[in-house]
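Biologist: Hey, could you walk me through this one? I'd like to start with how some of the strands pair up.

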Amino acid sequence: TVLRLDSTLISGTIPDAVGRLSLLTDFSMHNTRLSGTIPMTMYSMPYLAGIDVQATRVSGTLPVCPHGPGKCFENLRVLDMSLSSITGTVPLELFMLPRIADVSFGSTIVSGTLPSDESMSAHVYQLQLSSVSVPSTKLSGTLPRWILAPTVATATRLSTVDLSSNNFTGTIPGGAFFAGSELSQLYLSNNPRLSGTLPAELGLLKTLRTLSLHSCAIEALPSTWNVSTRNFGIPLPQLATVDIHSNCLRNVSSLCRLNGSVQVVDASHNELSGAVPKCFGRMQQLSSLVLSHNQLDSVPRELTDEHSSIHTLIVADNQLQASSFPSLTMHSTLRVLDWSGNRIGLPLTSDMG
């Protein structure tokens with residue numbers, strides 16, 4: 001049985017009587033005027049697999065079982081309370097629900113820290129998580145390893161982690177990534193106190209497609225990336241988008257080693273200086289390179305010649321001069337070029353046609 005009244009004008013609170021719908025499997029009321037709290041009668045519904053109160057006025061806290069861990073929501077797989085009015089902290093019991101897979105409570109004022117590795121140590125082998133999405137809350141503290149890849153045994157289930165726009169501190173834990181992981185989306189952007197060096201173990205992730213780390217305080221990329229024989233020795237072989245703008249990076253040349261499927265690199269608003277690494281021009285799939293608002297002083301010809309795959313090159317607001325920018329020819333693959341905010345005239349030749 002499914003109770004779904006999404007995007008309707010329904011209002012008021014959730015009646016206790018809902019808990020008497022013993023065969024209910026999905027309760028979905030997102031984008032409504034629903035308010036109040038989730039009634040305790042729903043906690044023991046035997047077949048309830050999904051609760052979606054996204055974009056409502058539902059308040060209270062994230063559910064905590066009054067009967068002890070594992071004794072409520074026995075079949076709950078999806079809990080989406082994002083864009084609601086919930087408050088409080090993140091209870092350990094939430095991640096101890098026996099079948100919980102997708103957890104979302106982003107854009108709320110939930111605060112505090114995530115459960116520590118120590119508190120989760122006895123439970124990580126039972127985790128069924130496939131998606132954790134909690135952007136734009138008031139969470140803080142350090143990132144526990146289990147939230148990125150619970151264990152070697154369970155990492156294959158986790159595909160999406162979004163912890164962006166919070167107040168996490170410290171570094172990204174290096175021991176959190178395994179060759180068997182199926183993580184495809186990792187969003188840690190806009191955590192301005194997240195710092196240090198990216199862990200080389202990221203290179204082991206064979207299915208990661210999006211890496212979003214902008215607006216943090218990351219200071220360095222690994223000089224080498226760990227690789228797995230499962231990936232034929234190629235780090236991050238499916239990575240398509242790398243967004244690391246607005247950090248404290250001084251060198252990004254190790255990104256050139258990710259020459260599998262990277263299409264977009266945004267390293268603008270960092271502390272890069274000297275020449276743009278010419279190896280970017282030989283990345284086979286790279287089509288968009290954004291390096292604006294740095295202190296770069298030259299662009300090698302490898303980025304603009306006929307062997308480059310770059311179609312969009314943004315190098316605005318650097319220290320470039322006309323003599324440090326290669327001449328363009330009709331064979332160049334560039335379609336969009338922004339060098340505004342530099343001291344460059346028009347570096348075109350008659351070969352452009």
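Predicted model: local features only at pLDDT ≥ 70, side-chain atom pairs only at ≥ 80, totals over all residues.

Biologist: OK, and how do strands E13 and E15 pair, parallel or antiparallel?

Modeller: Parallel, over two bridges, with E13 covering residues 167–170 and E15 covering residues 193–197.

Biologist: Which strand do three bridges join to E15?

Modeller: That's E17, residues 217–220, and the two run parallel. Ser195 stands opposite Ala217 there.

Biologist: New topic: what order do the strands of the open sheet with E2 come in?

Modeller: There are three strands, in the order E2-E4-E6, with parallel pairing. Strands E2 (11–13) and E6 (57–58) are at the edges with a single partner strand each, so one side of each has no neighbour in the sheet.

Biologist: And how many bridges link E4 and E6?

Modeller: Two, with E4 being residues 33–36. Ser35 has Arg57 in E6 as its bridge partner.

Biologist: Now Thr137. Where is it found?

Modeller: In the loop between strand E10 (131–133) and strand E11 (138–142).

Biologist: Is Thr137 buried or exposed?

Modeller: Buried: its relative accessible area is 7%, and the cut-off for buried is under 20%.

Biologist: What does Thr137 touch, leaving out residues up to four places away in sequence?

Modeller: Phe105, Gly106, Ser107, Thr108, Val110, Ser165 and Asn166. With Asn166, the side chains make a polar contact of 2.3 Å.

Biologist: What about the backbone nitrogen of Leu139?

Modeller: That nitrogen lies 3.2 Å from a polar atom of the Thr137 side chain.

Methods
Residues numbered from 1 in each chain as written. Heavy atoms only, no water. Pairing = 2+ DSSP bridges. Helix = DSSP H or I, 4+ residues; strand = E, 2+ residues; numbered from the N terminus. Buried < 20%, exposed > 50% of the residue type's maximum accessible area, 1.4 Å probe, protein only. Polar contact = N/O pair within 3.5 Å; in protein donor to acceptor, adjacent residues only side chain to side chain. Contact = heavy atoms within 4.5 Å.
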